[in-house]
Amino acid sequence: QVQLVESGGGLVQPGGSLRLSCAASTSIFAIYTMGWYRQAPGKQRGLVAVISSGRDTNYSDSVKGRFTISRDNAKNTVFLQMNDLKPEDTAVYYCNAWRTMFGVEYSYWGQGTQVTVSS
């Protein structure tokens, strides 16, 4: 079992920046693909950004060029740097850890952190 603890959410004005962190309680953090997802009220949870164990990254079209995902394997932590925030970025942001071994998938979620973009 892996526990994920997100932090860094809050209230920010449009055009501002926030940095989310997600700390994982596993000694094999480096082999997990880590992702950030978000869920706005009345909407389904969707992918924001993902980073593989090899540090390949992928972003949703809505955040490309504004958000950057990174990881620090020495600290078992994944980050999401969010710049030029817009009101439509308002959502609960969730961290996810995923790996597969011998055809079995392992997926873990954090409790979420609220991001509100408003003037």
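The legends below describe close-up views of a disulfide and of the strands around it.

The structure is a predicted model, in which local features need pLDDT of at least 70, side-chain atom pairs count only at pLDDT 80 or more, and totals for chains, interfaces and linings use all residues. Residues are numbered from 1 along each chain as its sequence is written, and side-chain values use heavy atoms, with hydrogens and water left out.

**View 1. The disulfide between Cys22 and Cys95.** With a disulfide taken as a pair of cysteine sulfur atoms within 2.5 Å, the count comes to 1. The S to S distance between Cys22 and Cys95 is 2.1 Å. The disulfide is left-handed because the torsion about the S-S bond of Cys22 and Cys95 is about -80 degrees. Cys22 lies in strand β3 (residues 18-24) and Cys95 in strand β9 (residues 91-101), so the pair ties together parts that are 73 residues apart in sequence. Strands (E, at least two residues) are DSSP runs, numbered from the N terminus. Cys22 and Cys95 are both buried, that is, under 20% relative accessible area (1.4 Å probe, protein chains only).

**View 2. Strand β9 with β4 and β11.** Two strands pair if DSSP finds at least two bridges between them. Strand β4 (residues 33-39) pairs with β9 in the antiparallel sense over 7 bridges, and Gln39 stands opposite Val92 in β9. Strand β11 (residues 113-117) runs antiparallel to β9, joined by 3 bridges; here Tyr93 stands opposite Thr113.

**View 3. The hairpin of β9 and β10.** Strand β10 (residues 104-109) is antiparallel to β9, with 6 bridges joining them. Arg99 stands opposite Tyr106 in β10. The hairpin has 2 residues between its strands, and Phe102 in the turn has a positive phi of about 50 degrees.

Note on methods:
Helix = DSSP H or I, 4+ residues; strand = E, 2+ residues; numbered from the N terminus. Buried < 20%, exposed > 50% of the residue type's maximum accessible area, 1.4 Å probe, protein only.
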